[in-house]
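The following note sets out points for a colleague who wishes to read the model alongside its sequence. Please keep the structure open while going through the numbered paragraphs.

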Amino acid sequence: MVKKASKRCFKKGVNSLFFMLKLNLSEYDTKGYYDEMFDENNNVRPNYKLFLERLQKVSHKKLQSLQHATDRAQLSLGMTFNVYDDNQGVERILHLDIIPRIIDNTEWTHLEKGLQQRIRALNLFIQDIYNDQKVIKDKIIPKELILSSASYLKQLQGFTPPKDIWCHITGSDLIKGGDGQYYVLEDNLRCPSGVSYMLENREILKRTFPELFKKLGVKPVYNYTHILRDTLESLTDVEKPNVVVLTPGIFNSAYFEHSYLAQQMGAELVEGKDLIVKDDVVFMITTAGLQRVDVIYRRVDDEFIDPLAFNKNSVLGTPGLFKAYLKGNVVLVNAPGTGVVDDKAVYAYIPRIIKYYLGEEMIIPNVQTYICDEEADRKYVIENIHNLVVKQTDASGGYGMLIGPKSTKKEQQEFIAKIKHNPRNYIAQPMINLSRVPTLTEDTIEGRHVDLRPYALYGQDSIKIIPGALTRVALKKGSIVVNSSQGGGSKDTWILNN
Amino acid sequence: MLGRVANTIYWMNRYLERAENYARFMDVNFNLSLELPPNEIQQWQPLVVITGDWELYQSLNSKVEKTKVIYFLAFEERNPNSIYNCILNARENARAVRTEITKEVWEQINALYFLVKDGQEKKQCLDVNIRDFFTQIKNGCQLVYGMYDSTISRNEGWNFGKLGQVLERADKTSRVLDAKYHLLLDSPKEVGSSLDLIQWAALLKSVSAYDMYRKKYGKLSPSCIAEFLILDREFPRSILACLLIAEQSLITLSGSSVGFSNDAQKQLGALRSQLEYIDINDIIDKGMHEYLDEIQGKLNKISSAIYNSFFVIQTDYSEVK
């Protein structure tokens, strides 16, 4: 082997330099965290074995040039989002790290079952809280907790959506803890975003490591938009339904995704002003008059879809849309009112909700959560606030949060006061050590913290989990914040056949 | 097709055609300036006049200089019609109608955007190799046209795009002819001189008409050139040829080929037949400038009529599909 290598060095001249400067992973640090490539003794885990072999054959320089090609590919595909921090909108790309996140089939099957279980239970839960409210009568969850949620829409009481499905598209955030176990960190039943990155990242990585896909047996994700279209069509009895994607418009940061999905599905991409409601039926305004709309995959939040029903000042919506929906003349995806599940106080009850509706134990656990509205929990939170992460129940995106171990005494006191003032508004969780995945840095490869967002589609017959996900990665060393606005990037996620 | 989307496709194509035309005007003029006596005003002012933005130019610049004119027409952010803004707008429009165009077309328009953005940041107008930039813009736009024609179905969207492209082209051909014809005939003592020939050839090259003109007429003569650029049925950049193409698309979109079914079709048909039944000598007698001015006015009216007939939200929704 050595002999062969040196011969090649000699032959290839300049390239030999790169060859000799191949990656040195002997310094790779796994201390204190669960690393997904190496175990605690620095032995490679089975899911990364073949990939590591490939990695060890290339130089860091070569990896960097692959990384640059990736950045360029993202720009040319137009995978950009606008950041309006000054007068001029700045276009950014979400950094895609070329080292994939690799998950084996056993783990994936477990995740799949767990997500299907969770989504089925949540759908039954939403149906129940807008109708019989058995879950409240049976004292599984306090009535006030549901009714006080800002996302609970009273207008929907007594309503059942087409095919009894509320949450058609789900993108829950999962993490892997220090114990190597997956946890659900947050549910996302309103308008989960990021799926276009799952799809486009894959297209790009197929150019970066073309030979590895077959060799490792990576499950394909390309049929997502086909399943999405089938799912949307399955929600109506109209024979050839007119399916549209509703976007807030070109200035929305997720516009790339809206247009991408519409185009991949062959659906019309519409804005609120392109639609009109006549006699409780929704039409789009075309060059040849009005054309009826049957299914709307809307990427506009509940609050803004209809100025007559919700926010009066919304210019993104279409007047009368909500009434047309209540009359059953159009399908909205996801159904309005599902946001109640995203409430962090409701999250704490999900283990009990699953047990209640399905009679099963939860397959993917929640992160342990203390409900400040419950006296014993509140007492514990106040006493241990310096070790806990405190979250506001109706906030997201890293806002309204206290990270105990990284906070000052003063901040802790402020939060304690807030909790005492309005306990319903707060929950607390222990600090979790997010797992790490190898990531390309300036001069080598190091572990960086990641989370995982798989996508589930709930159609008429089944809940399908696409074998792939958006892995978000905190690019800054030591950081656990994976949000794109705070130095986060993404990774392609490979689910292996075996 | 959504009215908003149709309008956006129409403008996306107009902007691309405009950018390509500007790049060609400047390229030809730059080439011409190398062989003419050094009179920057005489050489570069007409270029700004052609675009109709002479007033804006004057408000932003105190003098007429080659680099200033190039900057103004190619990169000036405050000039809504600069190549920079045209490509920016074309791309924003393409992004808004991403579902109507193919991956190939989108990526090429996006590549053009990075080209002009880079050019603007590098202050390429001061570069001696500015002609490379013009060539890249011209080729880049033509690559879009080619991809457009070879990857997009001949559906409503394609026809609205074609309308935008050829109406813009007709407008630009008429403007180039107007400005140059005027200028060339103003200096009768040089008629037939070698200087004159260079100028007439440059006029033809500004609209990529030189080769096809030579093939048809051989010798350069002002009236033949005017005839070729206004009334030729076969040359794809002549005003009449553009109108014939536009009319085909409009017939497809309106669904009727007999008479007219909307105001846009009526006005376009009227202008097309006017050009079909006029002789170049009639135009010269009437006054070239006056005639071209009238054509430009009518083209604007046709564009508004298209807007009113197809893009704007109709108050009467009786026609439900």
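1. In chain B, helix α5(B) contributes B:Ile83, B:Tyr84, B:Ile87, B:Leu88, B:Ala90, B:Arg91 and B:Ala94 to a contact with α6(B), where the partners are B:Trp106, B:Ile109, B:Asn110, B:Leu112, B:Tyr113, B:Val116 and B:Gln120. Two residues are in contact if their C-beta atoms, placed from the backbone, lie within 7 Å. By class, the contact of α5(B) with α6(B) consists of 11 nonpolar, two polar and one charged residue. Ala, Val, Leu, Ile, Met, Phe, Trp, Tyr, Cys and Pro count as nonpolar, Asp, Glu, Lys and Arg as charged, and the others, Gly among them, as polar.

2. This is a predicted model, in which local features need pLDDT of at least 70 and side-chain atom pairs count only at pLDDT 80 or more, while totals for chains, interfaces and linings use all residues. Residues are numbered from 1 along each chain as its sequence is written, and chains are lettered from A and ligands numbered from 1 in the order in which they are written. Helices (H or I, at least four residues) and strands (E, at least two) are DSSP runs, numbered from the N terminus.

3. Two packed helices are described by the angle between their axes and the distance between the axes. For α5(B) and α6(B) the angle is about 150° and the axes are 9 Å apart. Axes are lines fitted to C-alpha atoms, for helices over the stretch in contact, and angles run from 0 to 180 degrees between N-to-C directions. The two helices α5(B) and α6(B) are therefore roughly antiparallel; angles under 35 degrees count as roughly parallel, over 145 as roughly antiparallel, 65 to 115 as roughly perpendicular and the rest as oblique. The crossing of α5(B) past α6(B) is left-handed, a term used if the near helix is turned anticlockwise from the far one by less than a right angle, with right-handed used if clockwise.

4. Between the chains, 22 residues of chain B are in contact with 21 residues of chain A. On chain B, the elements giving two or more residues to this side are α1 (3-33), α5 (83-96) and α6 (103-121). The largest share, five residues, comes from α6(B). The chain B side as a whole has 11 nonpolar, three polar and eight charged residues.

5. How do α4(A) and α6(B) lie relative to each other? Helix α4 (residues 60-77) of chain A packs against α6(B) at an angle of about 110°, with axes 8 Å apart, and the two are therefore roughly perpendicular. A:Leu75, A:Ser76 and A:Leu77 of α4(A) make the contact with B:Glu107, B:Asn110, B:Ala111 and B:Phe114 of α6(B). These residues divide into four nonpolar, two polar and one charged.

6. The largest nonpolar core has 211 residues, of which A:Ile296, B:Ala19 and B:Ile83 touch the most other members. A nonpolar core is a set of buried Ala, Val, Leu, Ile, Met, Phe, Trp, Tyr and Cys residues joined through C-beta atoms within 7 Å. α1(B) gives the largest share of this core, 14 residues. Leaving aside residues up to four places away in sequence, A:Ile296 touches A:Val244, A:Leu246, A:Val330, A:Val331, A:Leu332 and A:Val333.

7. A:Val333 and A:Asn334 are joined by a cis peptide bond, with omega about -15°; A:Asn334 lies in the loop between β13 (331-333) and α13 (344-347) of chain A. A:Lys139, not a glycine, has a positive phi of about 60°. A:Lys139 counts as exposed because it has 8 C-beta neighbours inside 10 Å; a residue is buried if 20 or more other C-beta atoms, placed from the backbone, lie within 10 Å of its own, exposed if 12 or fewer, and partly exposed in between.
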